[in-house]
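Please look over the model shown here, and then follow the questions and answers below.

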Amino acid sequence: MLFSERSIWTMVHGIGLGGGALLGLAAALFYLYAARPAPSSDAETGSRAFATVTAFTAVMLWLTVIIGTYIIFPPYRVTPPPGTTDLIQFPRALILSNPSTAWLHAFAMETKEHMPWIASMLTTAVAFIAVRYRRTALSNPAMRRMAFTLLGVSFAVVTFVSLLGVFVNKVAPLD
Amino acid sequence: MATVSRSQSPAPADTNGAAMAAVLGGGIGSFAMGAFVLLNEAGLFTAPALYGPAGGVTGRTTFATAVWLLAWGVLHARWRAREMAYGPVFTWTVGLVVLAIVATFPPVWGLL
């Protein structure tokens, strides 16, 4: 079989859902930056697209963190039986077995365990605003500023943990 | 020929209270995540593992999510019909989020 079940889940988590969330965050940020409604324009039309993309992004983020925590993380952290010398099926043990890669668990994976949940909460808050205040979310400067800041923080966090995920998967992939 | 009329979309919210509740709720939830992580690292409180194979992270994240939803719900109930000042609420939110990110940054745990 070309890809194992664990490998497929890793791709769904990192590339499909995480990548989709990053794209959504980038699109939402660009929308906030570039699509300032003119006073005479139909603000609701543009706001509907913004609401759709932020809601989509929030869903992607929640699926990413839930699948990451409950499906990807368990096989990653399995402890190998005593005497095991081939650690390829035990990513955490493999990473920790080499001092030059131990930071990938102590820093990268520990960061990935918690920080993305913050992005999920903040993006959900913006999605709620974009949906409930569809007519004013883009035209109200204070709301735009809040949404831009929170989505910017989420984008930075998700980009950071995605990069860490690439590093971990490069050294100890879930095959 | 029958005509189809589209009903007007709901009237826009008059007050910003629900938005501010969502924003501050996100800040409180984020802070809760950081707090549960720091408490765990300091050995002061360890959230139980809700799914054994994934370990304690399931308890910490579930508890933080519960705090987030609870805080959001309470704030929403209290503020939804009110007009809130943007500045203080947003400043508190940003402060809580910054603290949360610092708290979930592993190098910080070594300072405990």
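**Around Thr58(B)**

Q: Leaving aside neighbours within four places in sequence, with which residues is Thr58(B) in contact?
A: Two residues are in contact if their C-beta atoms, placed from the backbone, lie within 7 Å. Once its neighbours within four places in sequence are left aside, the contacts of Thr58(B) are with Thr69(A), Ala49(B), Leu50(B) and Tyr51(B).

Q: How are residues and chains labelled, and what pLDDT do local features need?
A: Residues are numbered from 1 along each chain as its sequence is written, while chains are lettered from A and ligands numbered from 1 in the order in which they are written. This is a predicted model, in which side-chain atom pairs count only at pLDDT 80 or more and totals for chains, interfaces and linings use all residues, whereas local features need pLDDT of at least 70.

Q: Is Thr58(B) buried or exposed?
A: A residue is buried if 20 or more other C-beta atoms, placed from the backbone, lie within 10 Å of its own, exposed if 12 or fewer do, and partly exposed in between. Because Thr58(B) has 21 other C-beta atoms within 10 Å, the residue counts as buried.

Q: In which helix does Thr58(B) lie?
A: Helices are DSSP runs of H or I with at least four residues, strands are runs of E with at least two, and both are numbered from the N terminus. By that numbering, Thr58(B) belongs to helix 2 of chain B.

Q: How far apart in space are Thr58(B) and Ala47(B), C-alpha to C-alpha?
A: In sequence, Thr58(B) and Ala47(B) are 11 residues apart. Their separation in space, C-alpha to C-alpha, is 8.4 Å.

Q: Which helix of chain B gives the most to the side that touches chain A?
A: Across the two chains, 31 residues of chain B are in contact with 29 residues of chain A. Two or more residues on the chain B side come from each of helix 1 (17–41), helix 2 (57–79) and helix 3 (86–103) of chain B. With 10 residues, the one that gives the most is helix 1 of chain B.

Q: How many helices does chain A have?
A: From the N terminus on, the elements of chain A run α-α-α-α-α. Chain A has 0 strands, and its helices number 5.

Q: What percentage of the residues of chain B are buried?
A: In chain A, 43% of the 175 residues count as buried. For chain B, with 112 residues, the buried share is 36%.
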